[in-house]
Amino acid sequence: MINRLSERVVSWLRREGCVEASEVPLFRYAAYSFIWGLLPFIIVTVWGIIFNALLESTLLILPFMLIRKFSGGYHLSNPGICFATSTILLGFAVWGLTVINSTTSSTGLSVAVFLSVVIICVFSPIDSEARRLSEKEIRVFGRWARVIVIAMLIVYIIFLAIKQDYIAFPIGFGIVLPACLQMPVLIKRLFANTQKKHDQKGP
């Protein structure tokens, strides 16, 4: 779907004389990346309309996208499955916001937020098999992940302190989600290391 849409965009640019033939692959990749980057915003907007939580869903996706960009985590190799999984995950997140907004206690979410900040600060970035990071990228991405997540934590605490839960809760969810997407990789690595140590010891 995204491939076809990016092809149509590039074809239109070609007809308008904006793109030379030699530039088609570059613009096709740029169009694909731009559309793919917009998908989370489109998905949460749809869920926000469905659950009557458009503001909350927007406040959720902004910290999520910023942190996820640098923290890394679990990635699916198949774009179709990735899109379906992202749609379901973000749908549950927006629905979860509507549930937690109907309660009076923020203790559980705050615990999850602080744990998520620790996980992201300690383990970021987590690269994927499809995109291995260089040593320089690991240092830069890790630094930015820590700066952004701590900044978001401060914003979360401020709005929580002034009793603006309808703003604080989505930001908190936006911090927790990237950490959740790191967990499958961390668990996989833990099992791999345990198995490796077991194999080294021998029978």
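1. Two aromatic rings of Phe, Tyr or Trp (for Trp, the six-membered ring) are taken here as a pair if their centres lie within 6.5 Å, and the pair is called stacked when the planes are under 30 degrees apart, edge-to-face when they are over 60, and tilted for the rest. By that definition, ring pairs link Phe70, Phe141 and Trp144 into a cluster. The model is a predicted one, in which local features need pLDDT of at least 70 and side-chain atom pairs count only at pLDDT 80 or more, whereas totals for chains, interfaces and linings use all residues. Residues are numbered from 1 along each chain as its sequence is written, and side-chain values use heavy atoms, with hydrogens and water left out.

2. On the overall fold, the protein chain has 7 helices and 0 strands, where helices (H or I, at least four residues) and strands (E, at least two) are DSSP runs numbered from the N terminus. Of its 203 residues, 38% count as buried; buried means under 20% relative accessible area, exposed means over 50%, and partly exposed lies in between, with a 1.4 Å probe and protein chains only. Contact means heavy atoms within 4.5 Å, and among contacts between residues at least 6 apart in sequence, 76% join residues at least 24 apart. The chain exposes about 12600 Å², of which carbon and sulfur atoms supply 68%, the areas coming from the Shrake-Rupley method with a 1.4 Å probe and, for residues, with only the protein chains shown counting as cover.

3. Returning to the rings, the structure holds 4 aromatic pairs. In one of them, the centres of Phe70 and Phe141 are 5.5 Å apart and the planes stand at 80°, so this pair is edge-to-face. Because Phe70 belongs to helix α3 (residues 54-71) and Phe141 to helix α6 (residues 135-161), the pair ties together parts that are 71 residues apart in sequence. Both Phe70 and Phe141 are buried.

4. Phe92 and Trp95 also form an edge-to-face pair, since their ring centres are 6.4 Å apart and their planes are at 85°. These two residues are 3 residues apart in helix α4 (residues 79-100), and are therefore separated by about one helical turn. Phe92 is exposed, at a relative accessible area of 55%, while Trp95, at 45%, counts as partly exposed.

5. Setting aside residues up to four places away in sequence, Val113 touches Leu153, Tyr156, Gly172, Ile175 and Val176.

6. Leu181 is placed in helix α7 and is buried, with a relative accessible area of 17%. Its contacts, not counting residues up to four places away in sequence, are with Phe64, Arg68, Gly73, Tyr74 and Leu89. Leu181 and Ser71 are 110 residues apart in sequence, yet 9.5 Å apart in space, C-alpha to C-alpha.

7. Phe159 lies in helix α6 and is partly exposed, at 24% relative accessible area. Leaving aside neighbours within four places in sequence, Phe159 is in contact with Gln164, Asp165, Ile167, Ala168 and Ile171.

8. Ile42, located in helix α2, is partly exposed, with a relative accessible area of 48%.

9. Some backbone details in the loops may be checked by eye. A cis peptide bond, with omega about -5°, joins Ser124 and Pro125, and Pro125 is found in the loop between α5 and α6. Asn52, although not a glycine, has a positive phi of about 55°; Asn52 lies in the loop between α2 and α3 and is exposed, at 73% relative accessible area.
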